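This report looks at the aromatic rings of a predicted model. A pair of aromatic rings is described by the distance of the centres and the angle of the planes.

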Amino acid sequence: MTEHNTSHKVVVIGGGYAGTLAANRLRMRDDVDITLVNPRPEFVERIRLHQFVARTGDATIDYGTLLGEGIQLVVDSATRIDTAARTVRLASGRALDYDYVIYAVGSTGAVPSVPGAAEFTWSIAELESAQRLRARLEELPLEAQVTVVGGGLTGVETAAELAEQGRKVTLVCGRTLAPYLSAGGRRYVAKWLTRHGVAVLEGDAVTEVRPDSVVLADGSADSVVRPSALTIWDGRFRPAGAGGGERAAHRRARPAAHRRDADQHRRRPHRRGRRRRRAVGPAAADEWLRRRATRGTGRRHRAEPHRGDRTGDDQPGLHGRVRQPRPARRHQTDRR
Ligand SMILES: Cc1cc2nc3c(=O)[nH]c(=O)nc-3n(C[C@H](O)[C@H](O)[C@H](O)COP(=O)(O)OP(=O)(O)OC[C@H]3O[C@@H](n4cnc5c(N)ncnc54)[C@H](O)[C@@H]3O)c2cc1C
């Protein structure tokens, strides 16, 4: 009798929170072969990059402790999804056949359009930029003025870590400090930062960055130049792989045939409507991260993956409740 291989090949592009969760969750099915493609051999905990910069925490985790058994890790970058040939092309020149693709490439730091920002600001959005920033901070005397631009939670966390190091920090909020928090939460954050010596400038925006200063405007005709030996821009993120702009623009830029094909592929494994199709991607990761923030104790982070979290099934994974029915081989790392 002829045996048919009914396994579906799933290629997950991007091993961040969304891609890693998706790959682990897919293991609930026993008819899929899962390959995860990621440029780095380690998982980057982006939500810890500010701690990495301040040397108060690590930001990388071995995939061996996160990925479930049987998931193949390919350390490479996807450069093209060839829907006609049903292959994902990689920077190394290799191609991976797929039946389904999960596109979970996340985001990266947006280059601000403010004059001088591209040349003279530092970013914390990626592991590599955080590594450069950490090295620069180590050269800088403690009393040097550091400016953090961006009053969102990433800016607040960065300013707080550096202030705890004993650095002189100014946080330029643009408008409101921590706008996503309640009024009480904002008051608490403002008080904490002030107590730790951070100069919080609400209502001021950076209009120019110079090698050793920033120019600030508060909406009036006058601008103020403030010394800044190092300026960190924690302002905004943009989708990775999109080459800039909004995700919608990225969608528009993709050929219609590709869109149709990719959408069709997304629908096939689950036929439960829109909610299912939204199960991966930055928004889903954020939702999960928010839910995580309401659990647990200790030092509060908006979220974090729980390494080796177990729920009785004694299997590794980012998500504790994922059932792991498949007794399969250990995940293999392929660095070609
Ligand atoms: C300093 C900092 C602090 C933060 N703190 C919080 C927080 O407390 N709470 C919160 O909710 N959010 C926080 N965030 C935001 C959070 O990190 C993101 O929402 C989250 O990382 C999104 O997860 P993701 O899996 O979609 O993308 P990512 O984590 O960005 O993962 C995407 C992965 O895809 C890979 N990739 C990209 N392009 C390709 C390609 N072509 N081929 C293969 N792989 C590719 C990337 O290298 C990366 O590994 C923070 C961000 C930063 C920078």
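Are Tyr17 and Phe43 buried or exposed? Both residues are buried. For Phe43 the relative accessibility is 0%, which is why Phe43 counts as buried under the 20% cut-off. Tyr63 has a relative accessibility of 1% and therefore also counts as buried.

**Ring pairs**

The model holds 2 aromatic pairs. Their geometry is as follows.

| Pair | Distance of centres | Angle of planes | Class |
|---|---|---|---|
| Tyr17 and Phe43 | 5.2 Å | 90° | edge-to-face |
| Phe43 and Tyr63 | 6.2 Å | 85° | edge-to-face |

With planes at 90°, over the 60 degrees that the class requires, the pair of Tyr17 and Phe43 is edge-to-face. The planes of Phe43 and Tyr63 stand at 85°, so this pair is edge-to-face as well. Through these ring pairs, Tyr17, Phe43 and Tyr63 are linked into a cluster.

**Place in the chain**

Tyr17 belongs to helix H1, residues 17-26, and Phe43 to strand S3, residues 42-44, so their pair ties together parts that are 26 residues apart in sequence.

**A charge over a ring**

Which residue lies over the face of Phe52? Arg134 does, at 4.0 Å from the ring centre.

Notes:
Residues numbered from 1 in each chain as written. Predicted model: local features only at pLDDT ≥ 70, side-chain atom pairs only at ≥ 80, totals over all residues. Heavy atoms only, no water. Phe/Tyr/Trp six-rings, centres within 6.5 Å; stacked < 30°, edge-to-face > 60°. Helix = DSSP H or I, 4+ residues; strand = E, 2+ residues; numbered from the N terminus. Buried < 20%, exposed > 50% of the residue type's maximum accessible area, 1.4 Å probe, protein only. Lys NZ or Arg CZ within 6 Å of the ring centre and 35° of its normal.
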